Amino acid sequence: YDGDDRTFPEQLRDAMPFAEFDTYLDPHYGYSLKYPSFFDKEEGNGKRGNVRFSYSNNTNLVLEAEVKPKDFLHDKNALEIFDSGSVERLDGYEFIRHCVRHDDHWYVLTFYFPANCKQGVERIVYQVKTWKPFLKKRF
């Protein structure tokens, strides 16, 4: 909206509570994730099990899922690992990552976002923090 004097981070913060989320189900590995419906799906660099969803209007928001081999992380006792921080070589950007071990693989969900949009992307950060790639079926 051309008459909106709010900054993009303010617009994002005000709009995200109303955003709808879709569910992606990986056809090969069977994991799932939720992503904002206004994100565009990109091919995950051609590797099986990898997918990327992004929003690149006024800023860049990227939600990326990857399947890594069991030796990707060296903590053999861990079932889940969380990581967050600043993105190297990209000033002003942060990431949050959730790694889940399942069978012989690590399932890695990472969200990249501008630090000044942190308040506006809390719902996406919550999805990453609470990610359960393999929901148990209830009978």
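Reader: How far apart are the mean positions of the positive and negative charges of the protein?

Author: In this predicted model, the mean positions of the 20 positive and 23 negative charges are 9 Å apart. Lys and Arg count as positive here and Asp and Glu as negative.

Reader: What makes the radius of gyration of the protein agree with that of a compact globule?

Author: A compact globule with 139 residues would have a radius of gyration near 14 Å, and the protein has 16 Å, which agrees. Along its principal axes, the C-alpha trace spans about 50 × 40 × 30 Å.

Reader: Which pattern does the protein follow along the sequence, and how many helices and strands does its secondary structure come to?

Author: Read along the sequence, the pattern is α-β-β-β-β-β-β-β-β-α, and the secondary structure comes to two helices and eight strands. Of the contacts with a separation of 6 or more, 46% are accounted for by residues 24 or more positions apart.

Reader: Which residues of helix α2 are buried, and how do you know on which side of α2 they are?

Author: The buried residues of α2, which covers residues 122-129, are I124, V125 and V128. They cover an arc of only 100° around the axis, and therefore they are on the same side of α2. The face turned away from that buried side carries the exposed residues E122 and Y126. Among the elements that cover the buried residues of α2 are β1 (21-25), β2 (32-36), β5 (61-69), β7 (93-102) and β8 (105-114).

Reader: Why is V51 called buried, and where is its place?

Author: V51 has a relative accessible area of 2%, and buried means under 20%, so V51 is buried. The place of V51 is in strand β4, residues 51-55. The C-alpha atoms of V51 and T7, which are 44 residues apart along the chain, are separated by 30 Å.

Reader: Why does N50 count as buried, and where is its place?

Author: The place of N50 is in the loop between β3 (40-43) and β4. The relative accessibility of N50 is 11%, and the cut-off for buried is under 20%, so N50 counts as buried. The C-alpha atoms of N50 and S86, 36 residues apart along the chain, are separated by 22 Å. In the protein, buried residues make up 39% of the 139 residues.

Reader: What does the accessible surface of the protein come to, and which share belongs to carbon and sulfur atoms?

Author: The accessible surface comes to about 9300 Å², and 46% of this surface belongs to carbon and sulfur atoms.

Note on methods:
Residues numbered from 1 in each chain as written. Predicted model: local features only at pLDDT ≥ 70, side-chain atom pairs only at ≥ 80, totals over all residues. Heavy atoms only, no water. Buried < 20%, exposed > 50% of the residue type's maximum accessible area, 1.4 Å probe, protein only. Helix = DSSP H or I, 4+ residues; strand = E, 2+ residues; numbered from the N terminus. Arc of directions from axis to C-beta. Contact = heavy atoms within 4.5 Å. Rg over C-alpha atoms; globule rule 2.2 N^0.38 Å. Areas by Shrake-Rupley, 256 points an atom, 1.4 Å probe, with all protein chains shown as cover. Charge placed at Lys NZ, Arg CZ, Asp CG, Glu CD.
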